[in-house]
Amino acid sequence: MFRAREFNAAAAKLTEATGSTAMISAKAYAWLARTDLHLHKVEDAEAAARKATELDPALPVAQSALAEVFFRQAKFAEAEEILRKLAAANQVDGRACLFLARLYWATANNKGAKVCIDLARKIDPDDPDIYRDWVGTLPWKERLAEWKKRLALGKFDDDVHEREGLTAAISVLENEEKQPEHSCRLVSKTLPTETTLVPLLIDAKRLRGYGLSVKVNDTSSKLLVDTGASGILINSKIAEKAGVTKIADQRIGGIGDRGASTGYVGFAKKLQVGNLVFEDCYVDVVDKKNSINEDGLVGTDVFADFLVDLDLPNTKLRLSELPPFPDQPTETPGLQLSQSGSRNLHNRWIPPQFANYEKVYRFGHMLLIPGFINNSPPRLFLVDTGAWDNIITPEAAKGATKLHSDSDTIVKGLSGKVEKVYSTGDVTLTFGHFKQQRNDMVAFDMTHISNNVGTEICGTLGFAMLYLLDIKIDYRDDLVDFSYDPYRFH
């Protein structure tokens, strides 16, 4: 039932099996923990995993299940310690290899992650989670074939959005198969380059964020620079004016409680960002009525081939070439907007000039940095220039500061309005070598984002604080540098 992704039925049967002999009970509790994670019952999963290790402390499946729970709770050091011990004792199962791969991906150790996911696939080819992660590492033609098989089988945890997302991804790869030149290649050679950031206002007095002037097929737009978003998103009005070609329908989600917005994947013949010109690029398009009064967003992850210098105090975006890996030629940079690009796999390398950068965790486009709320244990915050301010979750606020309902504060995103919003008491927020004291912070639930990412996110570092900082990002090695000039007038 677990392998068929029938998790409620699997949980019922595993619960029955926990009343058997100690050996069977321990295994049942371990798999119950994994099933509870799929059902987003994190506390129940932890209780089941700890019961498994209590019944049989030496059982590898119980240990690896506990490591999975730790990973979901963002306790990466604890998870890695368990998984490394299992590997050293030659006791890894497929799931242990899967989560070692996920740890390595989160820390830019992509070569090691590939070794682990291939081993996981060899050990347990029928595990649906292993299969899904493994498929994502395949060359694009093989990936397309596997995605088509998966779509035909129709196992999506009853998640219509997952089915729609896979259908859209298949359509994009099929389009690339017909049009292999759709690579969003850089055709101008002006590097390094500097572009002025454009103020985007809520009203005459309040700054919403900074945008980039981006030409889509020579149609001008101002796209919000968003370190918490992925790709390039434009509204349907801009897309229609620019003549963007529709490739496939898709839903586009974000903050809010009303579900994902309608939209589609489109194709633009040319994108110009400052002095840089890219040809043959995919973009996401959202219905104008759901675009939160923006032309669109540009996720800084599209510049992952470059060193990204987001100098917010001086309203500049600078892009330059990353230092090449030792003893390897420099690769031609482009915009990362395609699913088919084949990349050489490397493990994290910290160039000498980046020695003082902060190591962050990367989950897809999301950059997560450890931080502290007052005297709390370390938690993960999303670096998000698209969020108007720092945010924490009610769960993270508990035990660290006061929390009360706040009906006056309205929070909206691509998924509509947030229904339950709270305010906190005094908060001292610490991350990297910075500390900020606040009289209050906005709090609301972000569980759906944590569930989608697969690890716990307790809040965001938003624009109202980040605009004070010069932020340099190396997406290749998951490194971020924050610098602050206390003598500058902000």
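The model is predicted: local features need pLDDT of at least 70, side-chain atom pairs count only at pLDDT 80 or more, and totals for chains, interfaces and linings use all residues. Residues are numbered from 1 along each chain as its sequence is written, and side-chain values use heavy atoms, with hydrogens and water left out.

I begin with the aromatic rings. The structure holds 15 aromatic pairs; rings of Phe, Tyr and Trp (its six-membered ring) pair if their centres lie within 6.5 Å, and planes under 30 degrees apart count as stacked, over 60 as edge-to-face and the rest as tilted. One of them joins Phe71 and Phe99, edge-to-face, with 5.3 Å centre to centre and 75 degrees between the planes. Phe71 belongs to helix 4 (residues 60-72) and Phe99 to helix 6 (residues 94-106), 28 residues apart. Helices here are DSSP runs (H or I, at least four residues), as are strands (E, at least two), numbered from the N terminus. Both Phe71 and Phe99 are buried, where buried means under 20% relative accessible area, exposed over 50%, and partly exposed in between (1.4 Å probe, protein chains only).

I turn to the helices. The axes of helix 8 (residues 128-135) and helix 9 (residues 140-153) come within 10 Å and cross at roughly 145 degrees; axes are lines fitted to C-alpha atoms, for helices over the stretch in contact, with angles from 0 to 180 degrees between N-to-C directions.

Lastly, Asp478 has a phi near 55 degrees, a positive value in a residue other than glycine. Asp478 lies in the loop between strand 26 (470-474) and strand 27 (479-483), and at 2% relative accessibility Asp478 counts as buried.
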